[in-house]
Amino acid sequence: MRIAIVGTGYVGLVSGTCFAEMGVDVTCVDVDRKKIESLKRGEIPIYEPGLEEMVKRNVEAGRLHFETDLSRCLDDVELVFSAVGTPSDEDGSADLSHVLEVARTFGRNIRKYTILVTKSTVPVGTSRKVRKVIEEELQQRGVEVDFEVASNPEFLKEGAAIKDFMSPDRVIVGVESDRAKAILTKLYRPFLVNNFRVYFMDIPSAEMTKYAANAMLATRISFMNDIANLCDLVGANVDMVRKGIGTDLRIGSKFLYPGCGYGGSCFPKDVRALATTAREYGYTMQIVEATRRVNEQQKEVLVRKLKGVLGEDLHGKNIAVWGLAYKPETDDMREAPALVVIDRLLKAGARVKVYDPVAMDECRRRIGEKVTYCKDLYETAEEADALLLVTEWKLFRMPSWSVLKKIMRRPLVIDGRNIYDRNELRDEGFEYVAIGKR
């Protein structure tokens, strides 16, 4: 089977490479010529464990190709996946300009039955817009070509995307015909040979499933952050509360970890887009709106706690920040809590030193030289008046506390992910502040 994937960002590149790994002939298309040339040289524009090796292997095997013009490969493929970006507009809605441009190119150039599958995260109703654009292009050409649209939202976790794609919990596919269903079944069967977990449904339901899933997970995070903040006030321990409710089989333990807020390319954008879609239909999603508000407030919590110890005036204070990416195993800093933390520290007059194992270049690209970039976690902590743990990378889990005690000006740790043991740090002579564990 031959397919094309438009967009070589996170979703497109991972999806295309994984399809190629399973024996599909894949052409990844992107209008960014520099990116395509870099990919042809084996240079990967994103950080994802295992992806670089898999790309090189499939390019060498002749299954993975890179192209700048979709029209040059349309005659050879059965399916075209649209995996272009859908960033948020100022009003919170998803920007569909790239999605619709793919549809225009598709409509201008198809000459045989082909399916256009939207893999980008798009609001309910987008497939109708895509179909209309394609039909308009065919009318302008004065031709009749059979085509279909489908929806196949992605559920990849950054840092574990290859595993998620190669062994998915489930695959959601929205189709309009048995013919499209049969082709997509053929494509996905190798991934789920022993337990075929592809769920076919109508396209609007598939589009809604993606938003509903991300909104549910974001809500669980914000709910636990709300609970953690109340635990701080009443003297409860949020770790005990989390275990107490997580062992209830009706609730489960996933996404119940409090912290300093979520970020990334999906949750913030999708929560906003879902709320905006509801407002367009005259409905207010009160829980979703509250989820977003709680998360924005939670990104301020570490600096609030820091000021609670050191005072409002941070002029002359050296603050160490461990972790810049919005989560471990990625260099993605889109809407990362670290950006808010750094901004608030700088506005309060602090001198900020930072370290992250992979996101340093991305941070420099976003904020320039406003902070001091350090070579490791210990250089970051030298002469620090406080250490803020923002991203829970594994290398931060077991530092040498005795070394840190010697090099820090004040042994104060603000734990934004609740990964340290309070008693251990106290025994080492540290002041320790966590979230929901006053």
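**Ground rules.** I worked from a predicted model, in which local features need pLDDT of at least 70 and side-chain atom pairs count only at pLDDT 80 or more, while totals for chains, interfaces and linings use all residues. Residues are numbered from 1 along each chain as its sequence is written, and side-chain values use heavy atoms, with hydrogens and water left out.

**Salt bridges.** I searched the whole structure and found 39 salt bridges, each being a side-chain nitrogen of Lys or Arg within 4 Å of a carboxyl oxygen of Asp or Glu.

I looked up Lys40 and Glu37, whose side chains form a salt bridge at 3.9 Å, N to O. Both residues sit in helix α2 (residues 33-40), 3 residues apart, about one turn of the helix; helices here are DSSP runs of H or I with at least four residues, numbered from the N terminus. I recalled that an α-helix has 3.6 residues a turn, so residues three or four places apart point the same way. Lys40 is partly exposed at 46% relative accessible area, and Glu37 is partly exposed at 39% (buried is under 20%, exposed over 50%, partly exposed in between, with a 1.4 Å probe and protein chains only).

Next I took Arg108 and Glu137, which meet in a salt bridge at 3.4 Å, N to O. Arg108 belongs to helix α4 (residues 97-109) and Glu137 to helix α5 (residues 126-141), so the pair ties together parts 29 residues apart in sequence. Arg108 is partly exposed at 40%, whereas Glu137 is buried at 9%.

I then noted Lys157 and Asp164, paired at 3.0 Å, N to O, where Lys157 is partly exposed at 39% and Asp164 is buried at 13%. Shared partners also join Glu101, Arg104, Arg108 and Glu137 into one salt-bridge network.

**Helix α8.** I checked the length of α8 (residues 203-234): its 32 residues should span 46 Å at 1.5 Å a residue, and its end C-alpha atoms are 47 Å apart, which agrees; the expected span is 1.5 Å times one less than the number of residues. Gly235 follows α8 and has a positive phi, near 90°.

**Cores.** The largest nonpolar core has 59 residues, and Leu302, Leu345 and Tyr420 are among those with the most contacts inside it; such a core is a set of buried Ala, Val, Leu, Ile, Met, Phe, Trp, Tyr and Cys residues joined through side-chain atoms within 4.5 Å. Helix α12 (residues 301-310) gives the largest share of this core, 5 residues. A second, separate core of 42 residues includes Val26, Ala83, Ile183 and Leu192.

Technical notes. Helices (H or I, at least four residues) and strands (E, at least two) are DSSP runs, numbered from the N terminus.
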